[in-house]
Amino acid sequence: MGRFWAIPTRMDNFDARILNALQSNARVTAEALSEQVGLSPDACRKRLARLRASDYIEAEIAILNPARAGRGLILIVEVTLQNERKAHLDRFKAAMQAAPEVMQCYYVTGNADFILILSAKDMSDFESFTRRYFFAEDNVLRFRTSAVMDRVKTGFAIPVAPE
C-alpha cells in the first residue's frame, strides 16, 4: 500500500518550525505543536509523519543524565590508527558501534582518525575500556584523552531553516 503523502522536495517554513520545536522536545503533542507553529493538530501530525518517512528525523531518543545513570565520567578521546586500510577502518568502526560505553564516534580529518565521546563509571572503568579497545588492538597507534569537567552544552539539535 502506497503512502498518501508526497515526500517533500523542499522544506517550507512550517516544516522547519516543526523540526526546530521537535528538537527541544520530541514528546510534544500535536496540539501543543500546532500552537507553536500555527497549523492545526491534524496538519502537524501529517507533516510529522511525512518528515519521519522522508528521513529528516533519524531518531527520537531520550537523553539520560550520565551522573544519575552511574556513568558520570564523560571522556573525549582522539584515536589514531596505524593503518587506515578499509578493512582496518571497518573493524574499528564496528568495535566502536558495538561498545556500549561509546556515546558518539566520528571518523574525522586532522591529527586523529577518530573522535569518541564515551561514558565511564570512573577512571578504573575507563582504563578497562582502553585495555579492551585500544591496547588489545594492534592497529591503534595512539589515543589522547580529555576528561569533561562541565557539560556546558550537549545535544544534537541543528538549526533548521526553510529551503
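User: Leaving aside its neighbours within four places in sequence, which residues is Asn-139 in contact with?

Analyst: This is a predicted model, in which local features need pLDDT of at least 70, side-chain atom pairs count only at pLDDT 80 or more, and totals for chains, interfaces and linings use all residues. Residues are numbered from 1 along each chain as its sequence is written, and side-chain values use heavy atoms, with hydrogens and water left out. Contact means heavy atoms within 4.5 Å. Beyond its neighbours within four places in sequence, Asn-139 is in contact with Thr-80, Leu-81, Gln-82, Asn-83, His-88 and Arg-91.

User: Why is Asn-139 called buried, and where does Asn-139 lie?

Analyst: Buried means under 20% relative accessible area, exposed over 50%, and partly exposed in between, with a 1.4 Å probe and protein chains only. Asn-139 has a relative accessible area of 6%, so Asn-139 is buried. Asn-139 lies in the loop between helix H5 (123-135) and strand E4 (140-147). The C-alpha atoms of Asn-139 and Arg-52, 87 residues apart along the chain, are separated by 39 Å.

User: What makes Leu-141 count as partly exposed?

Analyst: The relative accessibility of Leu-141 is 45%, and therefore Leu-141 counts as partly exposed. Leu-141 has its place in strand E4. Leaving aside neighbours within four places in sequence, Leu-141 is in contact with Thr-80, Leu-81 and Gln-82. Between the C-alpha atoms of Leu-141 and Glu-84, 57 residues apart along the chain, the separation is 11 Å.

User: How many helices and strands does the protein chain have, and in what order do the elements run?

Analyst: Helices (H or I, at least four residues) and strands (E, at least two) are DSSP runs, numbered from the N terminus. The protein chain has five helices and four strands. From the N terminus on, the elements run α-α-α-β-α-β-β-α-β.

User: Why is the protein chain called more spread out than a compact globule?

Analyst: The radius of gyration is taken over C-alpha atoms, and the globule rule is 2.2 Å times the number of residues to the power 0.38. For 163 residues the rule gives 15 Å, whereas the radius of gyration of the protein chain is 20 Å, well over that value, so the chain is more spread out than a compact globule. Along its principal axes the C-alpha trace spans about 55 × 35 × 30 Å. Of the 163 residues, 33% count as buried.

User: What span is expected of helix H1, and which of the residues of H1 are buried?

Analyst: The expected span of a helix is 1.5 Å times one less than its number of residues. Helix H1 (residues 13-24) has 12 residues and reaches 17 Å from its first C-alpha to its last, close to the 16 Å expected. The buried residues of H1 are Asp-15, Ala-16, Ile-18, Leu-19, Ala-21 and Leu-22. These buried residues pack against helix H2 (30-37) and helix H3 (41-53).
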